[in-house]
Amino acid sequence: MAFLPRALLLLLLAVVCIQLSGVLAEEQADRRDRCWCLKSLKKRVPREEIEEFSIFPRRSKCDTVEIILTLKPVNNSTEVVQRCLSPETKQGINLQTCWNNKNTNNTPTFKISNCFESHK
């Protein structure tokens, strides 16, 4: 007799876990669609300070192109510093052009030095 209530409790727990995992998966997908850049720099960032950058196109829940700069470490720091750059600035437009012309492998990040290689 004690077996039946335990089996029902275990079954109920499994159903709750399955439902909860579906909600968490939807929440994760929802988070990826949202804008990451709440504030974007409107001023130019010196090229020497930028290590690499990523460009994310408009998405279902983010109606703007996002440019995320990864800055070079300062004073032997291991901290990764990222800044958002407005896609409407001259530098933002230039980075988008470089991304579209030179990122032929569609990598998620692109070294800033690839945009300024000299042609020999």
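Student: In this predicted model, which residue is the bridge partner of phenylalanine 53 in β4?

Tutor: Strand β4 covers residues 110-111. It pairs with β1 in the antiparallel sense over two bridges. In β4, the bridge partner of phenylalanine 53 is phenylalanine 110.

Student: In what order do the four strands stand in the open sheet?

Tutor: Strands of a sheet pair through backbone hydrogen bonds, either parallel or antiparallel. β1 pairs with β2 over six bridges, and β1 also pairs with β4. β3 and β4 stand at the edges, each with a single partner strand, so one side of each has no neighbour in the sheet. The pairing is antiparallel, and the order is β3-β2-β1-β4.

Student: What angle does the direction of α2 make with that of β1?

Tutor: α2 packs on the sheet and touches β1, β2, β3 and β4. Its direction makes with that of β1 an angle of about 80°.

Student: Why is β1 described as largely enclosed by the rest of the structure?

Tutor: A residue counts as buried when its relative accessible area is under 20%. β1 has seven residues, and it is largely enclosed because the number of them that are buried is five.

Student: Which elements give two or more residues to the largest nonpolar core?

Tutor: This core has 15 residues. Among the members that touch the most others are Ile50, Phe53, Ile67 and Leu95. Phenylalanine 53 has contacts that include Leu69, Leu95 and Phe110. The elements giving two or more residues are β1 (50-56), β2 (66-71) and α2 (90-102).

Conventions
Residues numbered from 1 in each chain as written. Predicted model: local features only at pLDDT ≥ 70, side-chain atom pairs only at ≥ 80, totals over all residues. Heavy atoms only, no water. Core = buried A, V, L, I, M, F, W, Y, C linked by side-chain atoms within 4.5 Å. Buried < 20%, exposed > 50% of the residue type's maximum accessible area, 1.4 Å probe, protein only. Contact = heavy atoms within 4.5 Å. Pairing = 2+ DSSP bridges. Axes fitted to C-alpha atoms, helices over the stretch in contact; angles between N-to-C directions. Lists of a residue's contacts leave out its neighbours within four places in sequence.
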